[in-house]
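Subject: A structure for you to look at

Hi there,

Here is the structure I promised to pass on to you. Please open it and keep it beside you while you read my notes below.

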Amino acid sequence: MSTKELLQYCLAKQGAYIDCPFGNDYTVIKIKSTEKDKSRIFAEFYTLDGKDIFTFSTDADTALALRMEYPDSITRGWHCPPAQAKYKSTLVIADIADELLTYLADTSYLRALEKLK
């Protein structure tokens, strides 16, 4: 799956939209609450060392399990402050199978949706 395809997959989710709060070379996908003036990031796309990167969120146990299962591919959120580091993970898009990428995007979306409630 290409970065563009994963980005499109994320944008196809209900309420998803693009924002660039950290500059034009760092794209985030957010969802906005329908009840509150609040939004949550669920996907982050950027380039690091010439590689296309995807950062996503899961619960702490899933994040740890993914990092243990894919130690060379999935790491602690590259840019995340310590409080978020146990939930956010970063991966190189080209290193991960399509099915896992979409699963992680779905998981991150559902987590953000739940946090908006």
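Lys36 sits in the loop that joins strands S2 and S3; helices (H or I, at least four residues) and strands (E, at least two) are DSSP runs, numbered from the N terminus. With a relative accessible area of 39%, Lys36 is partly exposed; buried means under 20% relative accessible area, exposed over 50%, and partly exposed in between (1.4 Å probe, protein chains only). Beyond its neighbours within four places in sequence, Lys36 is in contact with Leu116 and Lys117, where contact means heavy atoms within 4.5 Å. Lys36 and Leu116 are 80 residues apart in sequence, yet their C-alpha atoms are 8.2 Å apart in space.

Before you go further, please note that this is a predicted model, in which local features need pLDDT of at least 70 and side-chain atom pairs count only at pLDDT 80 or more, while totals for chains, interfaces and linings use all residues. Residues are numbered from 1 along each chain as its sequence is written, and side-chain values use heavy atoms, with hydrogens and water left out.

Now for the helices. Which residues of helix H1 (residues 3–11) are buried? They are Leu6, Leu7 and Cys10. Seen down the axis of H1, these fall within an arc of 100°, so they line one face of the helix; the arc is that of the directions from the helix axis to the C-beta atoms. They pack against strand S1 (16–19), strand S2 (26–32), strand S3 (39–48), S4 and H4.

Helix H2 (residues 60–69) has Ala63, Leu66 and Arg67 as buried residues. Their arc around the axis is only 95°, which puts them on the same side of H2. Asp61, Met68 and Glu69, on the other side of H2, are exposed. The cover over the buried residues of H2 includes strand S4 (51–57), strand S5 (74–76), helix H3 (82–85), strand S6 (88–92) and helix H4 (98–116).

Next, the nonpolar cores, each being a set of buried Ala, Val, Leu, Ile, Met, Phe, Trp, Tyr and Cys residues joined through side-chain atoms within 4.5 Å. The largest one has 23 residues, and Phe42, Phe45, Phe54 and Leu91 touch the most other members. H1, S2, S3, S4 and H4 each give this core at least two residues, and the largest share, 7 residues, comes from H4. Apart from this core lies another, of 5 residues, including Val28, Tyr46, Ile53 and Val92. If you click on Phe54, its contacts outside the four places on either side in sequence include Leu6, Phe45, Leu91 and Leu104.

How many disulfides does the structure hold? There are 0, a disulfide being a pair of cysteine sulfur atoms within 2.5 Å. The sulfur of Cys10 is 14 Å from the closest cysteine sulfur, in Cys20, which is too far for a bond. Cys10 counts as buried, at 0% relative accessibility, whereas Cys20 is partly exposed, with a relative accessible area of 29%.

Asp49 has a positive phi of about 55° although it is not a glycine. Most residues other than glycine have a negative phi. Asp49 is exposed, with a relative accessible area of 74%.

Enjoy exploring!

Best wishes
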